[in-house]
Amino acid sequence: MTIAIALYLFIVGLVCGSFFNVVGLRVPAKQSVIRPPSHCTSCQTQLRRRDLVPVFSWLLSRGRCRHCGAQVSFVYPLGELVTGLLFAGLFLRFGLSLELISALLLSSLSVIITVSDLKYMLIPNKVLLFFLPLLIAARVLHHELPLWQYLVGALFGGGILLLVHLFSGGRMGFGDIKLFAVLGFVIGFPNTVVALLLACLLGVIVGGALQLLGLIERKQPVPFGPFLAVGSLIAYAFGQAIIDGYFSILFA
Ligand SMILES: [Zn+2]
């Protein structure tokens, strides 16, 4: 039964991921997420049903538009696959519980802002404002920690990045500050601390690797939102285990 539900949520995730790609790409460009229907961005041909099957359509057409042959970014199938894996994985972690509502909302928000931030270096307020009341409702409905720990998570997340913003001459964007306040609220304190450390660690590793490979310039800014999202998701699922592991090594 568990496998069946996980598989079901994986497929739901693939379909949702397809929509999240559209939201992440269109909202910052001030376009409607419903109209026009999905189309090739190169030749504008509207996609048919067989072009809209998550991941598979992209694989079958070898990442090209069927009509004009223009390359279709691998970000589309990747966003779908990641959402599917997150939905299934978070179900395996939290089970069919009320916590799963927060988990699915958190992963949805993470995928959308990652697409936006990678494409436009922007985390849209509209997306944050859409998710905020849903996330608050889900947390009030169900919270494993006392509610104040989630509020501290939000204050710590937003507060620490605000400090970075002030002391770095504005190199930390307000989008990141708001995002991490929202993420901090969902994952709570002290998970927010783990999330921040993971985000910085990942940022340094990935940023360094991209520089070594010559894919980005030395001083080129790298969007930080995706790292905050990944760090928060890892901390959310495994934060307590990471904290326990860290202290057991420290005091071994
Ligand atoms: Zn085309």
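**Zinc site, backbone exceptions and a pocket**

Cys68 is partly exposed, with a relative accessible area of 37% (buried means under 20%, exposed over 50% and partly exposed in between, for a 1.4 Å probe and protein chains only). The structure is a predicted model, in which local features need pLDDT of at least 70 and side-chain atom pairs count only at pLDDT 80 or more, while totals for chains, interfaces and linings use all residues. Residues are numbered from 1 along each chain as its sequence is written, and side-chain values use heavy atoms, with hydrogens and water left out.

Cys68 is one of the residues that coordinate the zinc ion; the donor atoms are Cys40 (SG), Cys43 (SG), Cys65 (SG) and Cys68 (SG), at 2.3 Å. Donors are N, O and S atoms within 2.8 Å of the metal (3.2 Å for Na, K and Ca), and sites may look incomplete because water is not among the atoms. The angles among the 4 donor atoms run from 104 to 116°, and the site is tetrahedral (four donors with all angles between 85 and 135 degrees). For four tetrahedral donors the ideal angle is 109.5 degrees. Along the sequence, the donor residues of the zinc ion follow the spacing C-x2-C-x21-C-x2-C. Distant parts of the chain are linked by the pair Cys43 and Cys68, which are 25 residues apart. Cys43 belongs to the loop between helix 1 (2–26) and helix 2 (56–60), whereas Cys68 belongs to the loop between helix 2 and helix 3 (75–94). Helices are DSSP runs (H or I, at least four residues) numbered from the N terminus. Cys43 is partly exposed, at a relative accessible area of 27%.

The loops also hold exceptions in the backbone. Most residues other than glycine have a negative phi, and most peptide bonds are trans. Val55 is not a glycine, yet its phi is positive, at about 60°. This residue lies in the loop between helix 1 and helix 2, where Val55 is buried with a relative accessible area of 12%. Arg62 has a positive phi as well, near 50°; Arg62 is located in the loop between helix 2 and helix 3 and is exposed, with a relative accessible area of 73%. A cis peptide bond is found between Arg35 and Pro36, with omega about -5°, and Pro36 lies in the loop between helix 1 and helix 2. Another cis peptide bond joins Phe189 and Pro190, with omega about 10°; Pro190 is part of the loop between helix 7 and helix 8.

The second largest pocket is lined by 31 residues, with Arg171, Pro221, Val222, Pro223 and Phe224 nearest its centre. Helix 6 (147–167), helix 7 (174–187) and helix 8 (191–212) are the elements that give two or more residues to this lining, and helix 8 gives the most, with 7 residues. A pocket is an open set of points on a 1 Å grid over the protein atoms alone, where a 1.4 Å probe fits, with protein on both sides within 12 Å along at least five of seven lines; lining residues have an atom within 4 Å of a point.

Helix 6 contains His165, which is buried with a relative accessible area of 15%. Apart from neighbours within four places in sequence, His165 is in contact (heavy atoms within 4.5 Å) with Gly170, Met172, Phe174 and Ile177.

Note on methods. Tetrahedral: all angles 85-135°; square planar, octahedral: opposite > 155°, others 65-115°.
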